[in-house]
Amino acid sequence: MDKKQYERPIIKPLNTGLMNKFGTRTEYTALTHIEGVSVKSLLADYGSPLFVLSERKIRENYRNAKRIFETRYPKVQFAWSYKTNYLNAVCNTFHQEGSWAEVVSRFEYEKAIKNGVDGDKILFNGPDKTDSDLTLCIENNSPIHIDHLDELYRLTEIATKMDKKPRVAIRVNMDTGVYPMWDRFGFNYENGQAWDAINKIMATGKLDLVGLHCHIGTFMLTPSAYGVAASKLSDLAMSIKNKYDKSITYLDLGGGFASKNTLKGSLLPGSDSVPEIYEYAEAITTAILNAGFQPDDLPYLYLETGRALVDDAGFLLGSVISNKRLSDGRRATIMDFGVNIMFTSFWYDHKISPAQEFGQHTEDTILYGPLCMNIDVVRENITLPPLKPGEQVVVHHMGAYNISQSMQFISLRPAIVMIDTDKKVHLIKSAETLDVLEKGELLPEYLKEFSL
Amino acid sequence: MAIKKNIAISDSGFLFNPSTGDSYSLNPVGQEILKLLKEGKNDEEVIEQILENYLTDRDAVEKDLYDFKNMLENYKLTDDE
């Protein structure tokens, strides 16, 4: 007689009458393959854990967003938000699709140049631009998005010295009716700071004001807020036109579109509650088109969409280290990936699928990472089938921020592969070794010797 | 460990404890172990039986049985002896 498949014995209390609107079981299917490549073979070839990116999904997301905006507005340009995921393979996939670069630091800027992006197609944002950064931007004709008055004055001084007229935009913050209001970056619209900065720029004539930029928040669940932002930027652009007879080349609406991840505490999963790209597009383009621009004088619409274009193209594969029972009877499972490579687990309840077939019985489980630190909790509560040590799981929606914010804390960072559109697997970053961690570290001579 | 005599287990793995009114669901392995324990089998006999019927190893079954019995106690499905 053939032996049956073994599954850990489970006894689970059935609670009736308790609040359980959406049921407890969330995963009905195992995810055994990503883009046609088996999870098992990926982990066998590249080790566990492993980040996997789908090139097809990145391109599809980009083309979809581009189509949605371009069917509503004639002049659209995307700039890939480097900080969201600055792996060169990811950046270049976006560049191949026609996306420019949006950077917020010198090394990101240099990365974009190294990747082959023309200087005039790199938008430099952020509050921290050194004199040397500004000089480099001026030399390369990169649009500089001014964040504060000190930067405005410094830039004016540098431009005067260099006898060049840099292309600039100002970052505008505003009340769009959502909380929290991001007013730490840029100049405020409502209290007149933004208009004041514009007048200063126009009065000196040293800078070429080509754009207006805003970035109203992150993981925005209210598309109408973008409509308010686009109206306010358009209003500033119209005021510039009226007062100085100058047409603004572009309005940059920044990023912040939500991905399909599920925010902690939200009633519905991200797949059901997050707005679709067309809803943001509709709000933004309607506001600009109705703002009163002459048809031949419409500004370009720049978008720095990051998360919404790459999050669902990224997966983290990992394995079970052990199961244990906590003192209160809760089941706990220890995985081989932790918060050092899953920064977003602090605000998302990531969807996690078993990578092998499983039975119909599930258990409420707390998922821990491998770090010897109490904060290393991957999911505080998840319903999963019983998993044995060595069995594998797939974490979804991992493409945004996790890789750029990962750190070698206790565990070194794993390898990253990209599956191309022909289902071929490419290693795009090797797993780290101690050498990588210690690169640049210097040990003073007198500390080298000791006896214990 | 003795399982309470009055608890009822259905063929589909539904367990009812008439003294408290609580009900539970069991997966097939859990169901089989509980049945063996109810018949008065000791740990060794339970492990042997599971090893005979399922694709697994002794270490895994031993560990899981220990944990499972803890849960039965936790849910007060055993008789104090």
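In the predicted model, helix α1 of chain A, which spans residues 39–46, has three buried residues, A:V39, A:L42 and A:Y46. These three residues cover an arc of only 60 degrees around the axis, and they therefore lie on the same side of α1(A). On the face of α1(A) that is turned away from the buried side, the residues A:S41 and A:A44 are exposed. The helix α1(A) is followed by A:G47, a residue whose phi is positive, near 90 degrees.

At the level of the whole chain, the domain assignment divides chain A into domain 1, made up of residues 33–52 together with 312–432, and domain 2, which covers residues 55–310. The C-alpha centres of domain 1 and domain 2 of chain A are 33 Å apart, and the contact between these domains takes 21 residues from domain 1 of chain A and 20 residues from domain 2 of chain A.

On the side of domain 1 of chain A that touches domain 2 of chain A, the elements giving two or more residues are the strands β21 (416–419) and β22 (425–429) of chain A. Of the elements on this side of domain 1 of chain A, β21(A) gives the most, with 3 residues. In composition, the residues of the side of domain 1 of chain A that touches domain 2 of chain A comprise 10 nonpolar, 6 polar and 5 charged residues.

Notes:
Residues numbered from 1 in each chain as written. Chains lettered and ligands numbered in written order. Predicted model: local features only at pLDDT ≥ 70, side-chain atom pairs only at ≥ 80, totals over all residues. Buried ≥ 20, exposed ≤ 12 C-beta atoms within 10 Å, placed from the backbone. Helix = DSSP H or I, 4+ residues; strand = E, 2+ residues; numbered from the N terminus. Arc of directions from axis to C-beta. Domains from an automatic or database assignment. Contact = placed C-beta atoms within 7 Å. Nonpolar A, V, L, I, M, F, W, Y, C, P; charged D, E, K, R; others polar.
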